[in-house]
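Take a walk through this model, one part at a time. Keep the sequence and the 3D view side by side as you read.

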Amino acid sequence: MAPTTRSHQSTPVPESISTAVSPSLGGDIKQRPREGSRSRTREEVWDPKYAVDLAIDENVFLFVPNLIGYVRVITAAASLVFMPYHPKWCTTLYFVSCMLDAFDGMAARALGQTSKFGAVLDMVTDRCATACLLTFLTSVYPNWSLLFMFLITLDFSSHYIHMYSSLVTGSSSHKTVTSDVSRILWYYYNDSRTLFFFCFANEVFFVCLYLNAFWLTPITSSFPIPTFLVNTNYALIQQNPKLFGYLVYHLKNLTWPQVVGLLTFPICAGKQIINVVQFWKASKILVGVDLAERQTARREAALKAQGQQR
């Protein structure tokens, strides 16, 4: 039996009764109230056993976007193997995994093979790869280890709470954010190119920090500093010789990872701000849902008390 979308029943079903038979018997889809389900209706909650049985009917695991996702996992894991001692292979494999992040989404939309499994696989791969890279950076830059641990925590917590708030409010995707909820998140998620640009530049900055520990050859070894920049006849240079000497020293010793890192740092900082906004907005949504449920519970208790008085 082909996967079936949510069906809506015309009448409520008692809490103790499942609404259909097993899919192997060709019956209706099987949905039942689950213990602990707070915000979704009976028609929106799937029976776990039915979902497991249905998974064999059409192999979502072998959807093309998910196959790309598995390659992402393999290349990301391989990059971690090379990370301590082979920066070129590590960087190549890491960026292959990052670039495939764009292609799996394109394949999903083109082939009509979007799936919740694929979306979660994609997010888990992103979060774990970034966390592993930042963990390695704590050993390379021990004085900044607290900052890297904070970034790992912010990345995981903001995405988890955002995903959970999306599920609670019944959103079809965690990327479905309206401008009235957050204009920043709407701009971020509404355009796939903007999303990819921020995520990719964020990873580039962290990879540049990683390469900075291995790449010691300055750019000036291939591209000498123009002579007019170091002309000591300028009055400004003569008035500030120490400052000029400091700038020239660092300019002569700049490496490619440092240059690219400086260019991508503002975008990385912007990505962290987006994570903070995402965490805060999702927190407010969950608090709002809690308050709505408490109001409903009080209203039902008041109606029940009025019925008993009669």
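The lining of the second largest pocket is made up of 12 nonpolar residues, 2 polar ones and no charged ones. Keep in mind that this is a predicted model. The pocket has a volume of about 250 Å³. Its lining counts 14 residues. Leu147, Phe148, Phe205, Leu209 and Phe265 lie nearest the centre.

Now step back to the whole chain. It holds 10 helices and 0 strands. Read along the sequence, the pattern is α-α-α-α-α-α-α-α-α-α. The chain has 310 residues, and 33% of them are buried. Take the contacts between residues at least 6 apart in sequence: 69% of these join residues at least 24 apart.

Next comes the largest nonpolar core. It has 21 residues. Which of them touch the most other members? They are Leu133, Leu134, Leu137, Phe206 and Tyr210. Helix 3 (87-111), helix 4 (116-140), helix 5 and helix 7 each supply at least two residues of this core. Helix 4 gives the most, with 6 residues.

Leaving aside residues up to four places away in sequence, Leu137 touches Phe148, Phe206, Leu209 and Tyr210. Two of these names have come up already at the pocket: Phe148 and Leu209 lie among the residues nearest its centre. Phe206 and Tyr210 were named in the core.

Is Cys90 buried or exposed? Its relative accessibility is 2%, so Cys90 counts as buried. Beyond residues up to four places away in sequence, Cys90 touches Ser79, Phe82, Met83 and Tyr210. Cys90 and Ser79 are 11 residues apart along the chain, yet their C-alpha atoms are separated by 4.2 Å.

Thr91 is in helix 3 too. With a relative accessible area of 13%, Thr91 is buried, because buried means under 20%. Thr91 touches Val207, Tyr210 and Leu211, again not counting residues up to four places away in sequence. Thr91 and Tyr210 are 119 residues apart in sequence. In space, they are 9.0 Å apart, C-alpha to C-alpha.

Move on to Thr255. This residue lies in the loop between helix 9 (241-252) and helix 10. Thr255 has 3% relative accessibility and therefore counts as buried. What does Thr255 touch, not counting residues up to four places away in sequence? The list is Asn212, Trp215, Leu216, Thr217, Pro218 and Ile219.

Last, turn to the record. An unreviewed UniProt entry carries the annotation "transmembrane region" for residues 67-86, 131-154 and 195-216. In the model, residues 67-86 are 80% helix and 0% strand. The end C-alpha atoms of that span lie 27 Å apart. Residues 195-216 are 82% helix and 0% strand. Here the end C-alpha atoms lie 32 Å apart.

Note on methods
Residues are numbered from 1 along each chain as its sequence is written. This is a predicted model: local features need pLDDT of at least 70, side-chain atom pairs count only at pLDDT 80 or more; totals for chains, interfaces and linings use all residues. Side-chain values use heavy atoms; hydrogens and water are left out. On a 1 Å grid over the protein atoms alone, a cavity is a set of points where a 1.4 Å probe fits but cannot get out, and a pocket is an open set with protein on both sides within 12 Å along at least five of seven lines; lining residues have an atom within 4 Å of a point. Grid points are joined across faces, edges and corners, and a volume is the space filled by probe spheres set on the points. Ala, Val, Leu, Ile, Met, Phe, Trp, Tyr, Cys and Pro count as nonpolar, Asp, Glu, Lys and Arg as charged, and the others, Gly among them, as polar. Helices (H or I, at least four residues) and strands (E, at least two) are DSSP runs, numbered from the N terminus. Buried means under 20% relative accessible area, exposed over 50%, partly exposed in between (1.4 Å probe, protein chains only). Contact means heavy atoms within 4.5 Å. A nonpolar core is a set of buried Ala, Val, Leu, Ile, Met, Phe, Trp, Tyr and Cys residues joined through side-chain atoms within 4.5 Å. UniProt positions are given in the numbering used here, feature names are shortened, and annotations may be inferred rather than shown by experiment.
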